[in-house]
Every structure is written in structure tokens, then in C-alpha cells.
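Let's go through this one by asking what stands behind each label. Have a look at the fold first, then we'll take the labels in turn.

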Amino acid sequence: MDTLRNVLIRSQQQGAALGHFNVADLVLLKAVLAAAVEIGVPVIVGASEGERNFLGTRELAALVKVMRDEHGIPVFLNADHTHSLAKAEEAARAGFDSVVIDFSALPFDENVSRTKETVEAIKAINPAILAEGEIGNIGTGSEIHETVTNDFNNLSKPEEARQFVDFTGIDVLAPAVGNMHGMLESMVEGKTKKHLNIERIAQIKKATGVFLTLHGGSGTDNQDFVHAIAAGINIVHINTELRVAWRRSLEGSLISQPNEVVPYKILPPVVDSVKQVVGSRLKLFGAQMTSNEIHLSAAS
């Protein structure tokens, strides 16, 4: 299979971005893969430390490998929001394609030193692995929030981003550009949307020249996604939207079948519901990546 780096280069040249979708169980994983196969575009499966602790780091890597081999489509695996050297090394040894090294809550200098140390460690295990670092404040928790508790107008600065990239040796940068983890209740209801600072994305892209990731994409205005990708975003993370679809569909399936106890009869509607969310996002982010191009790259 082609490398994640090569697919990112190709998608950037085509003005597209890769969709990154977090999974916490087999239902979510099946939904993400089914949507990618149906549309014929690459996809990144992500799992945070909490999600990896629940699913199993090596177990998730094995599942993704089996599905990748079965479907013959580029499916990449990312260790999302990794907060320790030990957890980053664990993901690298398990065969993950990338690791998000997240020490963004620390002072800048300490974030730099610990990120640099982790980059060097995981690349010693696998030189092809992509290392992502994070600067700025985009909050925590891919869940539904009642209010905004952080200042999401405190954006990452281009010069600081350049220094961070130069000092750490990361391949991918996750900046704060108006994005936030999770969704407000009004976003879940469709009454409000997140809006991004497109100009700041373009400035950071020019200053750093590396791949950029947009974390906390759930609930963002569609046109903001389009403009953000044009300005330099290469990967878009979606998690809360999937969790909302998972929860609502599961509740509906249980209500409609009150006496059913067989999981494989209860869960298919949940897979389909999450698949629809993933599919709509993949079409928006990466429609330029055609099926023929993907299969050619997978065979190369």
C-alpha cells in the first residue's frame, strides 16, 4: 500500500483533504471503512489514548490491517492525542501510520522539547511514520458541551508555528485556527456552526510548509471546510458527529426492537447511520480523489 505521506502529497496537489474519523468500537470502524470503500477515497482511522485503551492498540492495528487487505483501499491508522512517550512508542510498534504527539497543554518550550524527544523515538522504530505536533488551545473532549469554556479566538501564531516545526522535526502540525473539540448543543441541533480563521490557516501554511491538520472539525460550516482546505488544511478530524449518530441510532434501534437481544440484529442500523455521516464528510473533503487514482496508488 502507498504511504500516508504520498497520499497526502497527492491529495494536496488535487486540492483535497483526507478525512480522519475516530473509532471506539467495531461498529464505528465498520462504518468508516464502508463509507470509504463505497466512495472510493483514502481514509484515516483515528483512536485517542482512551479509545485505544478500550479497543486495544495492537487489536485495532490488526483489525485495520485485515480490512485494508480485504478492501484494497488506502486505510491509514493514527494514534490520536497521545500524551506520553510510552504510548507513542506503543503505537509505533503496533504499526500505526502516524502519531499525534500532544503536549499542547504545556508551556511552549516544554511542548517543543517533549515533542522533539517523541518524534525521534517513534522514527527510530519506524522511519516512515508521520509525527504530528500540536500548538494552541482547542479544548478537550469530543463530546457535547453546554457552553464554550475556552478562548478559541486565541489563535496559533505563524512565527510560533514555524519555530515549533523547525525545532521539533514534525511532519504535520495541528494549529488553533478557531476550531474546538466537541460540539455545543446548538451545533448538534443545527442552529449554529463553527467558523474558522481562513487567513490564519494560510499564514501558518506559508510559514511552516508542512501538512496541516484541523482537529475538532465536528459542527463546522461546510464552506469553512472548503476554504480551509484551499488555504492549506490536509487532514480534517471528525469525532463528535459520529458519536452523536452512534448514540441516536442505537437508541432508535433499541426502541424499535424492544425485545431483541441479538447484537448483530440491533447494530446494523447504527453502522448505516454513522456511515452516512462519514460519507457526507468524505465527499466534501476528498471528492477530487477518484476511485481509479486510489486503486492505482494502492497497487503501486
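Q: What makes F225 and F285 count as buried or exposed?
A: This is a predicted model, and in it both F225 and F285 are buried. The label means that each has under 20% relative accessible area.

Q: Why is the pair of F225 and F285 called edge-to-face?
A: Look at the angle. The planes of F225 and F285 are 75° apart, and anything over 60 degrees counts as edge-to-face, so the name follows. The ring centres are 5.0 Å apart, which is within the 6.5 Å limit for a pair.

Q: How many aromatic pairs does a search of the whole structure find?
A: Two. One of them is made by F108 and F164.

Q: Why is the pair of F108 and F164 called tilted?
A: The planes of F108 and F164 meet at 55°. Under 30 degrees would be stacked and over 60 edge-to-face, so a value between those limits is tilted. With centres 6.1 Å apart, the two rings also meet the 6.5 Å limit. F108 sits in helix α6 (residues 108–125) and F164 in helix α7 (residues 158–168), 56 residues apart.

Q: What makes F108 partly exposed, and what makes F164 buried?
A: F108 has a relative accessible area of 22%; buried needs under 20% and exposed over 50%, so F108 falls in between. F164 comes in at 0%, so it counts as buried.

Q: How do you know that α6 meets α7?
A: There are contacts between them: F108, N111, V112, T115, K116 and V119 in α6 meet E160, Q163, F164, F167 and T168 in α7. Contact here means heavy atoms within 4.5 Å. The two helices pack at about 35°, with axes 9 Å apart, and the crossing is right-handed.

Q: In what order do the eight strands close into a barrel?
A: The order is β1-β2-β3-β4-β5-β7-β9-β10, with parallel pairing. From one strand to the next, the twist averages 25°.

Q: How do you know that β3 pairs with β2 and β4?
A: Count the bridges. β2 and β3 share five, running parallel, and β3 and β4 share three, also running parallel. A pairing needs at least two bridges, so both qualify. As examples, V45 stands opposite L77 in β3, and T82 has I101 in β4 as its bridge partner.

Q: What joins β4 to β5?
A: Four bridges do, between β4 (residues 98–101) and β5 (residues 130–134), and the strands run parallel.

Q: Why is β3 called largely enclosed?
A: Eight of its eight residues are buried, so the rest of the structure largely encloses β3. H81 is in this strand. H81 has 12% relative accessibility and so counts as buried. H81 also has a positive phi of about 35°, although it is not a glycine.

Q: Which strands does helix α2 lie across?
A: Helix α2 (residues 26–39) lies across β1 (18–22), β2 (43–47) and β3 (75–82), at about 170° to β2. Helix α13 (residues 268–286) packs on the sheet too, touching β1, β2 and β10 (233–238), and makes about 155° with the direction of β1.

Q: Why does L28 count as buried?
A: L28, in helix α2, has a relative accessible area of 6%, and the limit is under 20%, so L28 is buried. Leaving aside neighbours within four places in sequence, L28 is in contact with V23, L242, W246 and V274. W246 is 218 residues away in sequence, yet the C-alpha atoms are 7.7 Å apart.

Q: How many of the chain's residues count as buried?
A: Of its 300 residues, 53% do. The chain has 14 helices and 10 strands. Among contacts between residues at least 6 apart in sequence, 74% join residues at least 24 apart.

Terms used. Residues are numbered from 1 along each chain as its sequence is written. This is a predicted model: local features need pLDDT of at least 70, side-chain atom pairs count only at pLDDT 80 or more; totals for chains, interfaces and linings use all residues. Side-chain values use heavy atoms; hydrogens and water are left out. Axes are lines fitted to C-alpha atoms, for helices over the stretch in contact, and angles run from 0 to 180 degrees between N-to-C directions. Rings of Phe, Tyr and Trp (its six-membered ring) pair if their centres lie within 6.5 Å; planes under 30 degrees apart count as stacked, over 60 as edge-to-face and the rest as tilted. Buried means under 20% relative accessible area, exposed over 50%, partly exposed in between (1.4 Å probe, protein chains only). A crossing is left-handed if the near helix is turned anticlockwise from the far one by less than a right angle, and right-handed if clockwise.
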